[in-house]
Amino acid sequence: MKKFVDVILPLPLHSCFTYSLPAEWADEVQIGCRVVVPFGRKKYYTAIVRNVHYSAPTEYEVKEVSAVLDAAPILLPRQFKFWEWLADYYLCTQGDVYKAALPSGLKLESETMVEYNPDFVSETRLPEREQQILYLLSADPEQCVTKLEKDSGIKNILAVIKSLLDREAIFVKEEMRRTYKPKTETRVRLTSAARNERRLHFFFDELQRRAPKQLDLLMKYIELSGCLSATGTVKEVSKAELLKRAAATPGVFNGLVERGVFEVYQQEIGRLDAGLVRETVPLHPLNEHQQRAYHEIMEDFQTRNVCLLYGVTASGKTEVYIHLIEEVLRQGKQVLYLLPEIALTTQITERLQRVFGSRLGIYHSKFPDAERVEIWQKQLSESGYDIILGVRSSVFLPFRNLGLVIVDEEHENTYKQQDPAPRYHARNAAIVLASMYGAKTLLGTATPSVESWHNATSGKYGLVELKERYKEIQMPEIIPVDIKELHRKKMMKGPFSPLLLQYVREALEQKEQVILFQNRRGFAPMIECNTCGWVPKCKNCDVSLTFHKGLNQLTCHYCGYTYQVPRVCPACEGTDLRHRGFGTEKIEDDIKTLFPEARVARMDLDTTRTRSAYERIIADFEQGRTDILIGTQMVSKGLDFDHVSIVGILNADTMLNYPDFRAYERAFQLMAQVAGRAGRKNKRGRVVLQTKSIDHPIIPQVIANDYEGMVAGQLAERQMFHYPPYYRLVYVYLKNRNETLLDLMAQTMGTKLRAVFGNRVLGPDKPPVARVQTLFIRKIVLKIETNAPMARARELLVQVQKEMLMEDRFKSLIVYYDVDPM
């Protein structure tokens, strides 16, 4: 009987597609394997097999699977179940989840290959650009469109290719290319002739007379490989190591190859284990408070699957995590340790490696894709890592026996994926993932999210408190400064109050370190013409462009559009163009002017594009090579520095005056977390909190570290206005290039949703940024009671969307959902 497979394609499709299996692969293909399939006209994709069966579909003509890529599944059954939950809950497709879950190296790329027609004869002289392309193709037949564009330098390459296609001078075809290549090493061994003992002695005699350097190299190989040892076991020797240890040149080595003594071969080697700490140290004993927290967590896990560890900054939560990990590993199970920011993995990696050595694997987007593929493959094997440390994408890795998930800094909004779909929250996804394995989840933070706090105090989660800092160090002294009054009296030096500058100066004199926090990168949020008020805006988005001095350009932080800084105002031709506001780059400039002797570093998205950049900035600050660290919210997230005595929050108002129901919660969390970086080990630190809203109720709550006061006020407000945790939010976003048509679409969809959901629907409305990447945006808010069946709500939403798209005038509408938005 003919076999068929249902596959998940990396496309936003709401169902699987069925393909027939050629007879030669009928017994090879398993659920979870990758196959290459044709889809659409001349397009090929790497698909995941979801089901194998004998039922041919009747709705469409079945195509054949083009290739089978795996002998064994690369997805485990629980991963499919997890994908289904994510797609269902976050109102997206399994194709969206597939694209987010798998490293690029596990997806073959379809490339448009261009092939020269050797039978082509031109009756007329071709234009120079077409001649150039044909010359390149004849010289290198392995050419694709992107390579031709790069090699030829021709901008409108597609127009040239179309012209050549029309003349039948070239052929075009789609080819699948592997993006992942295993790492190989050139190794050396004796030829079969040289392995004969009599023949080897002949080589010794000949080399002694004619080539003593080659003899030295051969003797070094024998020493390293042990090929003449009594045990008879031969170690593999790399060519690079042999040349280095023998201090020999490639010429000497090639001489032995030509004589038939050596032969070289390629050996696949892993990228993962290089440089890992092998020697481990025993666990640090927990202090009295940490020990109590540990026992309370273990007791909570007897009756509940999720526990919240509410521990103040510098209370030693990581040490408690390490003891919990040790206990789970003792039971033969695996641990997933999630962090909100790649920068944090640098410090935590060192601490975990000292205790767990090579049992620890790290997984995040700053790793080369090939390494991520190898971690995925290792997790599928029987020798997978016992502990995975990573950011939100780590929830997609295969686990065979997951026992514990730790979500550190669980309140962080960076756990929420914004774009593209799936717009999942890694904390919530991790809780569901753990439950699928029968594992426990520990949420840890000094400033819990309002939702987690509500779940813990209402008994849904366990709650364990750790209120004492390590070694009884006092919480930092927080000093508010009214910069509105100081601006009025003209006492500010740029963004710095006199008090902050005084404390920075004192800290530098005492060889202590300083952190300055400004939640905005770039040099200046905008440039403005002082004559007419013109402000440069992004041509694709409804936002002003941010000036980056280092790059000397204006950049859109939404779409990446860049614009050269104008010398004159294009509106009035005035030359008085001024910077308004300040970002981290401007702070860095000003600090270097005020404290020329200080060593200053900046940590924001612009300075941490690579994995090594994170590691270098943090290592320099840890080891005292940097005196002042300036950063965005990256510096607030759980970093542990011994010698920071002063923290400056330069403008608290940018956090408070944000149009979002979570603004006060976020402002408190951010300020409390940044403050927690001060005075962590040696003495009580100081925090200078600069604000124009000195009377705002959040300010005294931050000063008193009164989290419970803040959360009580927020819960009362949210209950009154129907916000989480009492109601679920779903944001419905509509996008189109035609604003007039979009308004009609949004009003129509709003009316249809109201007919179904009643007064739970708000909008449509314009979001704060109402155009991104040339698409206009409208937003509808849906508030659903937490006890309402979400599956039914999702059905109704999808039904309304289908009704909309069935109308011809609305076919160009883009609709997507953000469930539990942050």
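How much space lies in the largest cavity? About 40 Å³. The model is predicted. The structure holds two cavities of 30 Å³ or more.

Start with the lining of the largest cavity. Arg78, Gln79, Phe82, Val395, Phe396, Leu397, Phe399, Leu433 and Tyr437 form it. Seven of these residues are nonpolar, one is polar and one is charged. Helix α1 gives the largest share, three residues. Both α1 and α14 supply at least two residues each.

Now follow α14, which runs over residues 426–437. At 1.5 Å a residue, its 12 residues should span 16 Å. The C-alpha atoms at its ends are 16 Å apart, which agrees. Buried here means under 20% relative accessible area. By that cut-off 10 of the 12 residues of α14 are buried, so the helix is largely enclosed by the rest of the structure. Among the buried ones are Ala426, Arg427, Ile431 and Met436. Leu433 and Tyr437 are also buried, and both line the largest cavity.

What covers these buried residues? The cover includes helices α1 (77–89) and α15 (450–457). It also includes strands β13 (306–311), β14 (334–338), β17 (402–408) and β18 (440–445). After α14 comes glycine 438, with a positive phi near 70°.

The second largest cavity has a volume of about 30 Å³. Its lining consists of His411, Ser449, Arg662, Glu665, Arg666, Gln669 and Met822. These divide into one nonpolar, three polar and three charged residues.

Terms used
Residues are numbered from 1 along each chain as its sequence is written. This is a predicted model: local features need pLDDT of at least 70, side-chain atom pairs count only at pLDDT 80 or more; totals for chains, interfaces and linings use all residues. Side-chain values use heavy atoms; hydrogens and water are left out. Helices (H or I, at least four residues) and strands (E, at least two) are DSSP runs, numbered from the N terminus. The expected span of a helix is 1.5 Å times one less than its number of residues. Buried means under 20% relative accessible area, exposed over 50%, partly exposed in between (1.4 Å probe, protein chains only). Contact means heavy atoms within 4.5 Å. On a 1 Å grid over the protein atoms alone, a cavity is a set of points where a 1.4 Å probe fits but cannot get out, and a pocket is an open set with protein on both sides within 12 Å along at least five of seven lines; lining residues have an atom within 4 Å of a point. Grid points are joined across faces, edges and corners, and a volume is the space filled by probe spheres set on the points. Ala, Val, Leu, Ile, Met, Phe, Trp, Tyr, Cys and Pro count as nonpolar, Asp, Glu, Lys and Arg as charged, and the others, Gly among them, as polar.
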